[in-house]
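This report walks through one protein model, from its overall layout to a few of its side-chain pairs. Please look over the sequence and the structure first.

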Amino acid sequence: MSRLSVDFDPTLDQPPAETNGQSEPTLTAEVVFKGRNVEIPDHYRVYVSQKLARLERFDRSIYLFDVELKHAPNRRQRKSCQRVEITARGRGPVSRAEACADSFYAAFESAVHKLESRLRRVKDRRKVHYGDKTPVSLAAATAVVPPPEAQPEAQPEPSAPERDGAAADHEPGRIVRTKEHPATPMTVDDALYEMELVGHDFFLFHDKQTERPCVVYRRHAYDYGLIRLA
């Protein structure tokens, strides 16, 4: 029977010392740890759980945190060879953050800081969305199934020589992925809300007021920008 080789990471040996002297809040959500060829010690699990407990005040509906640790493919990049991904699951759309650093502790601190900022902005925007003004979630807005006549016909699977030829002709700088979403009309405020939920730096939407495609994007110091077509 073959055994999976697990790398020992010395950066998980000792947790950072806490200097504030304050008691940590108690975590009520479940935490699932995933290590790709990484052995996760108990003290790291306790440290992560204590840090994640602080995020529950931003969204009380969070019931699960997924924490995944893995080594970056390029080990020569010592300053960013350890990667941590955090996914928070609640009643609404999932919130996700990831970061790389020279240790799993530093990567987790950076990722949890990103996730905290994301959840804080969503909570602040949710304060003005209530009752009938609550926007449609991104999952519901993109769940529209096109009619059968609008669906493209299935293309035959290319043969092996065709696939090899396409791989040989591939060059950098080409568009390799395309996404299409229903253009659900919404306001600028609703678009900002949806952008914060998915954690992206920009959001393309159909402006209900101008009836034109628009893009909202994140600027520095928690400011936003808006691009409209003339």
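In what order do the elements of the protein run from the N terminus on? The order is β-α-β-β-β-α-α-α-β-α-β-β-β.

## Basis of the model

The model is predicted, so local features need pLDDT of at least 70 and side-chain atom pairs count only at pLDDT 80 or more, while totals for chains, interfaces and linings use all residues. Residues are numbered from 1 along each chain as its sequence is written, and side-chain values use heavy atoms, with hydrogens and water left out.

## Overall layout

The protein has five helices and eight strands. Both kinds of element are DSSP runs numbered from the N terminus: helices are H or I runs of at least four residues, and strands are E runs of at least two.

Of the 230 residues in the protein, 33% are buried. Buried means under 20% relative accessible area, exposed means over 50%, and partly exposed lies in between, with a 1.4 Å probe and protein chains only. The accessible surface of the protein is about 15,800 Å², and carbon and sulfur atoms account for 51% of that surface. These areas come from the Shrake-Rupley method with a 1.4 Å probe; for residues, only the protein chains shown count as cover.

A contact means heavy atoms within 4.5 Å. Among contacts between residues at least 6 apart in sequence, 52% join residues at least 24 apart.

## A four-stranded sheet

Four strands form an open sheet with mixed pairing, in the order β1-β2-β3-β4. The edges are held by β1 (30-36) and β4 (95-101); each has a single partner strand, so one side of each is left without a neighbour in the sheet. On average, neighbouring strands of this sheet are turned by 15° against each other, direction ignored. Two strands pair if DSSP finds at least two bridges between them.

Strands of a sheet pair through backbone hydrogen bonds, either parallel or antiparallel. In this sheet, β1 pairs with strand β2 (residues 64-71) in the parallel sense, over seven bridges. The bridge partner of E30 in β2 is L64.

Helix α1 (residues 42-52) lies across β1, β2 and β3 (82-89) and runs at about 135° to β1. For such angles, axes are lines fitted to C-alpha atoms, for helices over the stretch in contact, and the angles run from 0 to 180 degrees between N-to-C directions.

The whole structure holds nine salt bridges. A salt bridge is a side-chain nitrogen of Lys or Arg within 4 Å of a carboxyl oxygen of Asp or Glu.

One of them joins the side chains of D66 and R89, at 3.0 Å from N to O. D66 belongs to strand β2 and R89 to strand β3, so the pair ties together parts that are 23 residues apart in sequence. D66 counts as buried, at 13% relative accessibility, whereas R89 is partly exposed at 28%.

Another salt bridge joins the side chains of E85 and K70, at 3.3 Å from N to O. This pair links E85 in strand β3 to K70 in strand β2, 15 residues apart. E85 counts as buried at 17% relative accessibility, and K70 is buried at 18%.

E116 forms a salt bridge with R120, with the closest N and O atoms 2.9 Å apart. Both residues lie in helix α2 (residues 104-126), four residues apart, about one turn of the helix. R120 is partly exposed, with a relative accessible area of 30%. Salt bridges that share partners join R57, E116 and R120 into one network.
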